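I am opening a notebook page on helix packing and nonpolar cores, and I start with a pair of helices.

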Amino acid sequence: MSEISARDRKTTKGVSPRGTTARGSAPKGAALATRVLELVASGQASSRAELAQLLGAAASTISLTVAELVERGLIAEEGTQSSTGGRPRRVLRAGSTDEYAVAADVGGRHARIGVVLPGGGVGDVTNVPFEIADGPETALPLLAEHLESLAEQRGRDRLRGVGLSLPGPVDVSAGAVVLPSRMPGWNRFPVAAWLEERFGVPAVVDNDANCMAVGEQSVRPAEHRQSITVKIGSAIGAGVIADGRLYRGATGAAGDITHIRIDGGADIPCSCGNTGCLETVASGAALVRILRERGLDVASPEDVVQLATDADPEATRAVRRAGDHLGQVLAANVNFFNPDAVYLGGILSTLEPFMAAVRSQLYESCHPLVTEHLTIERAVLGADAGLVGAGLSALQRALARALGDAGGTVTGTDRTPAATPSRRD
C-alpha cells in the first residue's frame, strides 16, 4: 500500500499526480510498474484482468508490464483462479513465493509479532512483552531479538523487510515518532534506520491506525476504494484510504481525529495540552478514568471490556456514551469524505453496545445519500490488522527499492531500456 501526500501532488503541464495524464488516463512506464507492484503487494489485485480494470490500462500493456516484473523477480505467478469465461487467470503475487517480512504491532505493554507474506498472509503470530515506557534504546533490542527468531525459523535469506506499527504520530520519511504523548524517550529516535542497520533489509515505521487501515484494505472488496479505519484502544486514531491508497495529508497527520474537541469534554485536560478532545471522553483510557470515578475497580481497557461484556450497567452506559462521542466526530468526517466504508478496530470495537452507538450516530447525523451504501463494520482482521499493514508496507518498500535498483523502468512502456536487475537484499 502506498500513500498520497503533498509531495505526490507536484505536477507539470498536462500531467497529474502518480504518472496519470490530466485527463485521467492510465499511468505509463515506471509509474505503471510501481502501481502494478502496489496493487499486487497490497492484495487488491491478483490477476492481469483486475490490474487492467483498476488502472484503466490496456490488457496488452498490463501483460507486458507484468511479464517484465516477473522476469525481474518482483512478481511471481502461481496456480490459476476461476474466471467468468475464457482461459483461467494466472494468480499474481508480489516477490517470489517464499519471501516475507517480519512485523510488529506495538502497544504500551506488549507487541503482536509475526511473519507477513506477499498478499497479506500471516504466520507465526504471537504476543511478546514490550514496555514502550522503557524507551527505544531498551525496548527495541528486545523486540528485535523476537523478530530475529522468527526470521531464523523462516529462513533469514528470504527476509525482505521489517515493519513496525507504533502508537504515536510518525514521520514516515524520517522513520521516527514525533512528539508522542505516551512514549517517553521516543521523540525523533530514528527507529527505521535502527531496524535497517540491525536487519540489513528495508524497514518501515508507521502509526498504528495507518497500519490497521492498510491491513484491512488488503482483505476488503476491490470496489471499496475509499474508507476510514478507526482504532479504539487506550487512545483513538484513524487511517484514511483514498482511491485504494493510504492518504497521509500534507504533513502526515491525516486521520488524527483524537484531538477534535467535542461537547461533553470541555473541562477535561488532554495529553495534547488542550481540553475537551475526543480522547478524553471516548478512548479506553478515558473509560478507565470515568469508571474509577464512579467507584468501579478497573485498571485497564480490558477491565472495562470485561465489565461491559458482563452487562455491568455503569460500564455499559459509559461504553455507549463513548460510542456516541466517536460517532459524532466520525459523522462530520463521513459527510465530508463520503467513504465506501467505516471499519472499527481495537479493543472497544469488540463491544456491541459501542458499535451500535457509533452506527446510530452515523445514520442519524449523516446525509442519507452518504449512508445509503455505507458499510460500517468491525475490522475483519481483528488484532492482526496492524501487523498485516506493517508487514505489507515493508514488503512494498522492499519492492520499490528493488525496482529502483533495477532502473525503475519497464521495456515497452517506457523509452528507457530495462536495466539489468541488481542482486536483491
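Entry 1. I looked up α4 and α5 and noted that they are oblique to each other, oblique being what remains once angles under 35 degrees are called roughly parallel, over 145 roughly antiparallel and 65 to 115 roughly perpendicular. Helix α4 (residues 136-154) and helix α5 (residues 191-199) pack at about 45°, with 12 Å between their axes; the axes are lines fitted to C-alpha atoms, for helices over the stretch in contact, and angles run from 0 to 180 degrees between N-to-C directions. I take helices as DSSP runs (H or I, at least four residues) and strands likewise (E, at least two), numbered from the N terminus.

For the contact (heavy atoms within 4.5 Å), I listed L140, P141, A144, E145, L147 and E148 on α4, against V191, W194, R198 and F199 on α5. These residues divide into seven nonpolar, no polar and three charged, where Ala, Val, Leu, Ile, Met, Phe, Trp, Tyr, Cys and Pro count as nonpolar, Asp, Glu, Lys and Arg as charged, and the others, Gly among them, as polar.

On provenance, I note that the model is predicted, that local features need pLDDT of at least 70 and side-chain atom pairs pLDDT 80 or more, while totals for chains, interfaces and linings use all residues. Residues are numbered from 1 along each chain as its sequence is written, and side-chain values use heavy atoms, leaving out hydrogens and water.

Entry 2. I then turned to helix α6 (residues 208-217) and helix α13 (residues 385-405), whose axes come within 6 Å and cross at roughly 85°, so the two are roughly perpendicular to each other. The contact joins C211, M212, V214, G215 and E216 of α6 to A385, G386, V388, G389, A390 and S393 of α13, and I counted six nonpolar, four polar and one charged residue in it.

Entry 3. Which residues have the most contacts inside the largest nonpolar core? I found V230, I257, L326, L330 and F354, in a core of 39 residues; such a core is a set of buried Ala, Val, Leu, Ile, Met, Phe, Trp, Tyr and Cys residues joined through side-chain atoms within 4.5 Å, and buried means under 20% relative accessible area, with a 1.4 Å probe and protein chains only. The largest share, nine residues, comes from α10. Not counting residues up to four places away in sequence, L330 touches I228, V230, I257, V342, L344, V358 and L362. Apart from this core lies another, of 34 residues, with Y100, V128, V177 and F189 among them.

Technical notes:
Buried means under 20% relative accessible area, exposed over 50%, partly exposed in between (1.4 Å probe, protein chains only).
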